[in-house]
Amino acid sequence: TLSSSSAASDVYKRQAVSLPMLKMIGHQLATTNWTEVDKQAIWTTCVVAFFTSARVGELLAGQEDSYDPTATLTWADTKVRQDNTAILTIRLPKSGKAEYLDIFPFPGHGCCPMEALLLHKQVQQRAGLASPGGPVFRLTGGRNLTPALLNTLLRTLLKKVVDYTKEAVSCHSFRAGIASTLNRFPHLASTEDIRGWEGC
């Protein structure tokens, strides 16, 4: 059973998630014996958080057995457009006013956020978990995926890849992913664009 009881309280230097690291998370996740529901919920959370620079706490419920519909992303807040893109409404972000996250296809790399989101919805529907007003990211049996549990799971997945005595990959690591990637390839974006990603 997936559990957050082993979550470490120590604080390490946070490592930003890069595209290779995102793929590594996917690879490690695929090798587990976790259920399809759990794997897809975890993977979709990671991919969406990376490509939207979202605060994971604004996507996930705060508790495994309950949620605040005004502070947790629900299926009612998720709209898929006809052009194969999607928009997520964050109703109660840190800024205090509604924010919108756009999701676009990213084909050819095995980590397309649109593909992950659409498959995740199908898996949730088959499991009877995709109610309109319910959380988008639920685990087997209807438990909510939470930031605390995701942190524990990331540590489990990456224990052979990341030295947690020196640095850590956590929920916060996804928010810096795109900005960190753009900083490595300055010809792809202006300084202003990169700062925009860092502050979004």
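1. **Gly 133 and its surroundings.** Leaving aside neighbours within four places in sequence, the residues in contact with Gly 133 are Tyr 67 and Thr 74. The model is a predicted one, and Gly 133 belongs to its loop between helix 3 and helix 4. With a relative accessibility of 40%, Gly 133 counts as partly exposed. A further residue to look at here is Trp 75: its C-alpha lies 6.1 Å from that of Gly 133, although the two are 58 residues apart in sequence.

2. **The chain as a whole.** Seven helices and five strands make up the elements of the chain. Read from the N terminus, their order is β-α-α-β-β-β-α-α-β-α-α-α. The chain has 200 residues, of which 46% count as buried. Its accessible surface is about 10,300 Å², and carbon and sulfur atoms account for 52% of that surface. Among contacts between residues at least 6 apart in sequence, 65% join residues at least 24 apart.

3. **The largest nonpolar core.** How many residues does the largest nonpolar core have? It has 49 residues, and those with the most contacts inside it are Leu 22, Ile 42, Leu 59, Leu 145, Leu 150 and Phe 174. Two or more residues each are given to this core by helix 1, helix 2, strand 3 (86-90), strand 4 (99-103), helix 3 (113-126), helix 4 and helix 5. Helix 2 supplies the largest share, nine residues.

4. **Leu 22 within the core.** Leu 22 is one of the core residues with the most contacts. Apart from neighbours within four places in sequence, Leu 22 is in contact with Val 17, Trp 43, Cys 46, Val 47, Phe 50, Phe 51, Cys 111 and Phe 174. Phe 174 is also named among the core residues with the most contacts.

5. **Helix 4.** Which residues of helix 4 (residues 147-157) are buried? They are Leu 149, Leu 150, Thr 152, Leu 153, Leu 154 and Leu 157. An α-helix has 3.6 residues a turn, so residues three or four places apart point the same way. The student may compare this rule with the buried positions just named. The cover over the buried residues of helix 4 includes helix 1 (19-30), helix 2 (36-52) and helix 5 (171-175).

6. **Thr 152.** Thr 152 has its place in helix 4. Thr 152 counts as buried because its relative accessible area is 6%, and buried means under 20%. Along the chain, Thr 152 and Leu 2 are 150 residues apart, while 9.0 Å separates their C-alpha atoms.

7. **Gln 40.** This residue is part of helix 2. Is Gln 40 buried or exposed? Its relative accessible area is 11%, and therefore Gln 40 is buried. Neighbours within four places in sequence aside, Gln 40 is in contact with Ala 116, Leu 119, His 120 and Val 123.

8. **Leu 73.** The loop between helix 2 and strand 2 holds Leu 73. Leu 73 counts as buried, at 2% relative accessibility. Its contacts, leaving aside neighbours within four places in sequence, are Glu 58, Leu 59, Thr 78, Leu 88, Thr 89, Ile 90, Gly 134, Pro 135, Val 136 and Phe 137.

9. Rolling a probe the size of a water molecule over the atoms shows where empty space is left. A search of the whole structure finds one cavity of 30 Å³ or more, and the volume of the largest cavity is about 40 Å³. Its lining consists of Glu 58, Thr 70, Ala 71, Thr 72, Leu 73, Asp 77, Thr 89, Ile 90, Arg 91 and Leu 92. Four of the lining residues are nonpolar, three are polar and three are charged.

10. Most residues other than glycine have a negative phi, and most peptide bonds are trans. Ser 53 is not a glycine, yet its phi is positive, at about 55 degrees. Asn 84, likewise a residue other than glycine, has a positive phi near 65 degrees. Ser 53 lies in the loop between helix 2 and strand 2 (78-80), and Asn 84 in the loop between strand 2 and strand 3. Ser 53 counts as buried, at 1% relative accessibility, whereas Asn 84, at 35%, counts as partly exposed.

Conventions. Residues numbered from 1 in each chain as written. Predicted model: local features only at pLDDT ≥ 70, side-chain atom pairs only at ≥ 80, totals over all residues. Heavy atoms only, no water. Buried < 20%, exposed > 50% of the residue type's maximum accessible area, 1.4 Å probe, protein only. Helix = DSSP H or I, 4+ residues; strand = E, 2+ residues; numbered from the N terminus. Contact = heavy atoms within 4.5 Å. Core = buried A, V, L, I, M, F, W, Y, C linked by side-chain atoms within 4.5 Å. Areas by Shrake-Rupley, 256 points an atom, 1.4 Å probe, with all protein chains shown as cover. 1 Å grid on protein atoms, 1.4 Å probe; cavity = no way out; pocket = protein on both sides within 12 Å on 5 of 7 lines; lining within 4 Å. Points joined across faces, edges and corners; volume = space filled by probe spheres on them. Nonpolar A, V, L, I, M, F, W, Y, C, P; charged D, E, K, R; others polar.
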